[in-house]
Amino acid sequence: MERLTNLGKLAFGAASVGNLYRAVPEDQAREVIVRAWDAGVRYFDTAPHYGFGLSEKRLGAALAELDPARTAILSTKVGRRLDPVPDADISAVRQAFVSPEPYESVFDYSYDAVMRSYEGSLKRLQRDRVDILYAHDIGAFAHGDAHPALFREFLDGGYRAMRELRDSGAVDAIGLGVNEVAVCIQMLGAGDIDLIMLAGRYTLLEQDPLDDLLPLCAQRGVRLVIAGPYNSGILAKGVRRGGAIPNFNYEPAPPEIVERVGAIEDICVRHGVPLAAAALQFPLAHPQVASVVPGMGSVHQVDDALALMAHPIPAALWAELQDAGLIRRDAPVPA
């Protein structure tokens, strides 16, 4: 765990190089990874689900050249097995990916499935180990009424496998990679984890975890990696440019969210700060947050993320957002 004490403020999420929503040429995917590496990014996150193994293959191949000493910190996920689909239409969007890999991902939180998933990931990543292993999309957000039974399966099977992998030294840390707070709290009451990758729930728009999850993580010594810092895009694009309404939580934003984002965006403009810079830097002010993972599907997006992370933000901007009730007064803000 010692080498995981500094993940770096900016992490690389490899869903895009798994052809998320659109096909990404092989050379472009490699260029993106190379650009992130050259810029000093050293934490890379992927999953078998991302392109049905394509993301792991591309990331593994690039890092084999860039990082022969294997200094990069890698995380991947378990909880979805890859089932062959020989007649798959590889030109179509399947489970949000346009992938040449003839598989589909199927939720499976059993002991054997987790162990097989881990071994498959090692082969695709060209590594003999990964640093962090997350359970992917457990919770009612993904599974609705099926969650209680699946969570029990996970505790009895998949979580036990993850504990064995950590105890044996095959991985350094285990945790959840999810989109909801409730299952994180449930897991912290049921077992021992090290990290949580939480998508979209602690952002410039949402600070409810200050009430429960973040204090509990502080008490338990669990750190968070914040994925989806733009809440599916609306905090990156804003709402003042016109055009189509950006997504919030993977769907077109409702009017009350559009209004709130507009108010935040107006304050950012008055202080000469891009909305996306405030969104990217905000979560990192909390002491339990170790890193943020924005979408980086092109060299341009990598460069943008680096620039946004470095953009100076005056204290007056945060004070005005708090005075306007647009972020909570008890939310830590960047110095």
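1. Which residue forms a salt bridge with Asp 323? The partner is Arg 329, and the closest N and O atoms of the pair are 2.7 Å apart. A salt bridge here is a side-chain nitrogen of Lys or Arg within 4 Å of a carboxyl oxygen of Asp or Glu. Asp 323 counts as exposed, at 56% relative accessibility, and Arg 329 is exposed with a relative accessible area of 58%. The terms are used as follows: buried means under 20% relative accessible area, exposed over 50%, and partly exposed in between (1.4 Å probe, protein chains only).

2. A note on the basis of this report is in order. The model is predicted, so local features need pLDDT of at least 70 and side-chain atom pairs count only at pLDDT 80 or more, while totals for chains, interfaces and linings use all residues. Residues are numbered from 1 along each chain as its sequence is written, and side-chain values use heavy atoms, with hydrogens and water left out.

3. Strands (E, at least two residues) and helices (H or I, at least four residues) are DSSP runs numbered from the N terminus. Two strands pair if DSSP finds at least two bridges between them.

4. Strand E8 (residues 195-199) is joined to strand E9 (residues 223-227) by 5 bridges, and the two run parallel. Within this pairing, Ile 196 stands opposite Leu 224 in E9. Strand E7 (residues 173-178) is joined to E8 by 4 bridges, again in parallel, and Gly 177 stands opposite Met 197 in E8.

5. From E7 the chain crosses through helix H6 (residues 182-190) to E8, in a right-handed β-α-β crossover. From E8 it crosses through helix H7 (residues 213-220) to E9, and this β-α-β crossover is right-handed as well. A crossover is right-handed if, with the strands pointing away from the viewer, the path from the first strand over the helix to the second runs clockwise.

6. How many of the 5 residues of E8 are buried? The count is 5 of the 5, so E8 is largely enclosed by the rest of the structure. Leu 195, Met 197 and Ala 199 point one way from the strand, Ile 196 and Leu 198 point the other way, and all are buried.

7. The salt bridges may be considered as a group. A search of the whole structure finds 23 of them. One of these joins Arg 58 to Glu 26, with the closest N and O atoms 3.2 Å apart. Arg 58 lies in helix H2 (residues 54-66) and Glu 26 in helix H1 (residues 26-38), so the pair ties together parts that are 32 residues apart in sequence. Arg 58 counts as buried at 9% relative accessibility, whereas Glu 26 is exposed at 52%.

8. Another salt bridge brings together the side chains of Asp 137 and Arg 80, at 2.6 Å from N to O. This pair links distant parts of the chain, 57 residues apart: Asp 137 is in the loop between strand E6 (132-136) and helix H4 (140-143), and Arg 80 is in strand E4 (residues 80-84). Both Asp 137 and Arg 80 are buried.

9. The cysteines are a further point. A search of the whole structure finds 0 disulfides, a disulfide being a pair of cysteine sulfur atoms within 2.5 Å. For Cys 184, the nearest cysteine sulfur is that of Cys 217, 7.2 Å away. Cys 184 counts as buried at 0% relative accessibility, and Cys 217 is buried with a relative accessible area of 0%.

10. Finally, the surface. Tyr 21, Phe 141 and Tyr 250 make a nonpolar surface patch of about 380 Å². Patches are made of residues with over 30% relative accessible area and no salt bridge; like charges are joined within 9 Å, and nonpolar side chains (Val, Leu, Ile, Met, Phe, Trp, Tyr) within 5 Å. Accessible areas come from the Shrake-Rupley method with a 1.4 Å probe, and for residues only the protein chains shown count as cover. Tyr 250 is in the loop between strand E10 (247-248) and strand E11 (251-252), and is partly exposed at 47% relative accessible area.
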